[in-house]
Amino acid sequence: MATGVSISQEQAENEESESAVVTARRQLERAAALLDLDPNVIERLKHPQRVERVSLPLERDDGTVEVFTGYRAQHDSVRGPFKGGLRYHPEVNEEECVGLSMWMTWKCAVMDLPFGGAKGGVVVNPKLLSQNEKERLTRRFAQELRSVIGPMHDIPAPDMGTDAETMGWFMDAYSMQEGETTPGVVTGKPPVIGGSYGREEAPGRSVAIVTREACKYYSQPLDETTIAVQGFGSVGANAARLLDEWGANVVAASDVNGAIYDPDGLDTEAIKSHGEEPAAVTGFSGTEALSNEELLTLDVDVLIPAAVGNVLTESNAGDVSASMIVEGANGPTTSTADSIFERRDVPVIPDILANAGGVTVSYFEWLQDINRRGWSLERVNEELEAEMLSAWTSVINAYESEDEISWRDAAYVVGLKRIVEAHESRGLWP
Ligand code: NAD
């Protein structure tokens, strides 16, 4: 898989600090160069279809009014309604929303879901809001976005700083304004109001499925596979527990405070995940304490970064000893680190495939809402398994059809080809 990419120091530094939209555009150009695609369509895909910017006046609990800014970036809808999360975070900005909306377009297309990409959020630290303030802000946000969202137009979901409860408020505010209960306007809701069973576990489950299949691809028996997982949250803990159940040996796990290691294998069920008890990993007894940085360079078969972005960088990619990396978090590998892994022949199975179980079960939730009929957890998991295997097979085919191509490029090629073909079939209107 080595491509002999050579990177100057200046180029490396620029790449480490580039914004989400610059990264997304560069990845688009890179994948487009591998395919004989219409450059006019690629040009269109470099830009979002629309970015909505709204002002959100919020009456604080003390009676004063503060105005927050919200965004919704809608990148491309050639294959279906826009789909993507809403985050509440002080660093939300327009560029980031556009870049993340582009990633959602590729992710939905790799999974062959009938959705395009969107992302949005509010520039706010949700920890500084009371529960009532967060509810009022969410209801106002739903009202301000009402003309650009809808079950057939744009379907938000939870992201950083938002959760199932937030989606419940959002769906209620939209439904009250529309005059009818509209569960399909958002996904990630509680099941009692149209949410799907298995949605919360889905990104971790898809990471586990892709890890299992990638081990099979490289003739690595799962019951002889050691795994280190950075971040024991929703994605990391669910992936670790399933892989443990399927016979793999999860030897290390971490949270924001540090890592634990046991070469004989951790009891992944006994360690509390972030959702069960935040920051409980390092308190787990009978294991060796490590730093997060040491976990990333442990001598294991598979490394699953499932905490935050940009943890595998130019400075540590050369020291990673794992034979394979499966991206659980969004964007854990910087572009420079990616090139280093390519040179070192370390396969990196990309986020847009590995953690796409989340958006896939969101699609199932949307189908359930539109049909007004819920699915059992067994059905959700069976259908997720089938969708993941189908996407993995498409990515393998792309990977094997080119001489020197990374798994990331292969996933982009699969997604981009579907998007460009849809644009070509529909044409440019007017
Ligand atoms: P989470 O909040 O449930 O868990 C995050 C975990 O990472 C926690 O254990 C936390 O302590 C740890 N952590 C935080 N900062 C860290 C750091 N600097 N170093 C090491 N550990 C750190 O989050 P999550 O929902 O599991 O999401 C994790 C990643 O997966 C994020 O990149 C997210 O965007 C991505 N993702 C999440 C979903 C989803 O639906 N949950 C879907 C797709 C992708």
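1. The ligand is surrounded by 19 residues, of which the closest are Gly 233, Ser 234, Val 235, Val 256 and Asn 330, a residue being near a molecule if one of its heavy atoms lies within 4 Å of it. The shell divides into eight nonpolar, nine polar and two charged residues, where Ala, Val, Leu, Ile, Met, Phe, Trp, Tyr, Cys and Pro count as nonpolar, Asp, Glu, Lys and Arg as charged, and the others, Gly among them, as polar.

2. This is a predicted model, in which local features need pLDDT of at least 70 and side-chain atom pairs count only at pLDDT 80 or more, while totals for chains, interfaces and linings use all residues. Residues are numbered from 1 along each chain as its sequence is written, and side-chain values use heavy atoms, with hydrogens and water left out.

3. Helix α5 (residues 131-145) packs with helix α6 (residues 164-178) at about 45°, their axes being 8 Å apart. That angle makes α5 oblique to α6, since angles under 35 degrees count as roughly parallel, over 145 as roughly antiparallel, 65 to 115 as roughly perpendicular and the rest as oblique.

4. For helix α12 (residues 357-371) and helix α13 (residues 377-401), the axes come within 10 Å and cross at roughly 130°, which makes α12 oblique to α13.

Key:
Axes are lines fitted to C-alpha atoms, for helices over the stretch in contact, and angles run from 0 to 180 degrees between N-to-C directions. Helices (H or I, at least four residues) and strands (E, at least two) are DSSP runs, numbered from the N terminus.
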